[in-house]
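Let's take a quick tour of this structure, one topic at a time. Have the 3D view open as you read.

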Amino acid sequence: MAAKILIVDDDPDIVDALYVLLEGEGYDVVSAGDGEEGLKRIKEENPDLIILDLLMPKLDGYGVCKTLQDPRWSKWKDVPILVLTSVREEASQRRYELETGMRMDVDDYVEKPIDPDVVMERVRKILARKE
Amino acid sequence: MRKKLLYEISKPVIAAVGVENVLRAIVESIAKGTGAKGCSLLILSEDGSRLVHRISYGISGAYVGKGEIEIDATVEKVLQGEAVSIPDVADDPRVQYPEAARREGVVSVLSLPMRSSGGIMGVMRVYTAERRDFSKDEVDFLDSIAELSGLVLEKAEERERIAEEADKAREELTRVSDERERFVYLMGMVAHDLKAPLAAVQSYIKVILRGSTGPLTEKQEEWLNRSVKRIDGMLELISDIVDISRLETGHIAPELTTVSWKQVLENCIEVARGLVEPEGIVLVEEIEPDLPEIFASEVRLCQLINNLISNSVRYTPGGARIFIRAGQEEDEIVVQIEDEGSGIEPEIMPNIFDDFFKGDRESREGTGLGLSICKRIVEMHHGRIWAESPAPGKDKGTRITFTIPKGAICDLTFWEKQKEDGS
């Protein structure tokens, strides 16, 4: 069965582009337009991988990461996360550490704009690790 | 002795009860203690042309508001340090407001100088309802109290001035940092809003180029590839502008830590390898061991060195070399990036560190901000940067050298200081 990937991004064009790319590679793809919807979809869909944007309305990507560390979400705490954002990695880490006192524990970090080859390579690597 | 004693008395009293209370107590005690009708303190106006009412006891608002007191010969005398007694205001030409005094029921007026450490501050006046000739002892005693008043007033003024200055400084600081915050926030928003649509377009194009939406004609592929390059250039420009605004507003404060030069250079070399290898350029490392630490932003120091290396890569042909050198010279760290590329024309040499300056104006590559960002980073570490072309001892290539003092501490306000120096 194909791995299921959840895309959480508030930019519908990014979602579309990723959708076409990942579906073209044979993955099962679902998407959400903000962090709140993302959490809902995580519960419903049990994805194998989350591709997560950081700056989003309602609940941002940092908030999603934080929520997944909550004991009530323990079922999903190990779902791998690939952060895909226009925020520089070191700036994100700083902010997350400042807010939570912890390091942002994500599996990979890719800066926008999307390079499909890079995204595919990281996705394959993370999913292979999981198996 | 008298002045010193009065000063010593005034200090703790002011501290304990406050300036206004001390002044009020003085005028009230004098009036009551001497059996006078009232007492007032008049201070010299800023321009020294008038006496202005400061505080009084026992006299009416109407009398206080009778008008300004000009510095006539009599007042002048008091201001010279002499006590002046007017036994009857009714028929004395020295009185400026005889009618008001009569209505107030004032008969005699004694004027005493209010001395302070910085000169005479004004005049103390004692008013009586009956004709009175003050004895020499009384005048001497009141003179001391007038001096005490002067010292208190001086102290009050000093405090006001300090408080005012502190307020001004605080305001200035808030204004500057508010402006900075707003500016950086705005730049961040603008940058994000400019980048987001470009990133979306770029993502579509790249997915199309990958063939995920079906096969492309040769022309489509070529044009889409060119589009990608143009968008990359624009993204780079936005990043550079944001970087400059961050540097100029000192907004890299959270990045500052103690970092070792060795670590910085190692990181840069790793990035540099990724840049030179595809071009067939050889990277030669000449890094002294035992380089010290610096309090700085590692991100910015790497950006500085990487900018210089990627510049060199742009102008260096395959097979040629790029040297990265780092060492200590006296109390400075000296870093050099030297290439065997095409070099810099002497005519443009003075401008290469300017904002938006491009060596090749036709070139679509680069933003013209790379070297100006480098210059800012070096200068905020109190260093210098310069270029030599051809590289010293060679007939081609370019050598860029920057030096940063050992133990330099990154100065976040350097840009504001520079603006001040320039004006």
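In chain A, 5 strands make an open sheet in the order 2-1-3-4-5, with parallel pairing. Strands here are DSSP runs of E with at least two residues, helices are runs of H or I with at least four, and both are numbered from the N terminus. This is a predicted model, where local features need pLDDT of at least 70, side-chain atom pairs count only at pLDDT 80 or more, and totals for chains, interfaces and linings use all residues. Residues are numbered from 1 along each chain as its sequence is written, while chains are lettered from A and ligands numbered from 1 in the order in which they are written.

**The sheet in chain A**
- Strand 2 (28-32) and strand 5 (108-111) of chain A are the edge strands, each pairing on one side only; pairing takes at least two DSSP bridges between two strands.
- Strand 3 (residues 49-52) and strand 4 (residues 81-85) of chain A pair in the parallel sense over 3 bridges.
- A:Leu52 sits opposite A:Val83, which is in strand 4 of chain A.

**Where the chains touch**
- The contact uses 16 residues from chain A and 17 residues from chain B; residues are in contact if their C-beta atoms, placed from the backbone, lie within 7 Å.
- On the chain A side, helix 1 of chain A gives the largest share, 6 residues.

**Two helices in chain B**
- The axes of helix 9 (residues 298-315) and helix 10 (residues 370-380) of chain B come within 9 Å and cross at roughly 145 degrees; axes are lines fitted to C-alpha atoms, for helices over the stretch in contact, and angles run from 0 to 180 degrees between N-to-C directions.
- Among the residues that meet there are B:Leu304 and B:Leu308 from helix 9 of chain B, and B:Ile373 and B:Ile377 from helix 10 of chain B.

Terms used:
Contact = placed C-beta atoms within 7 Å.
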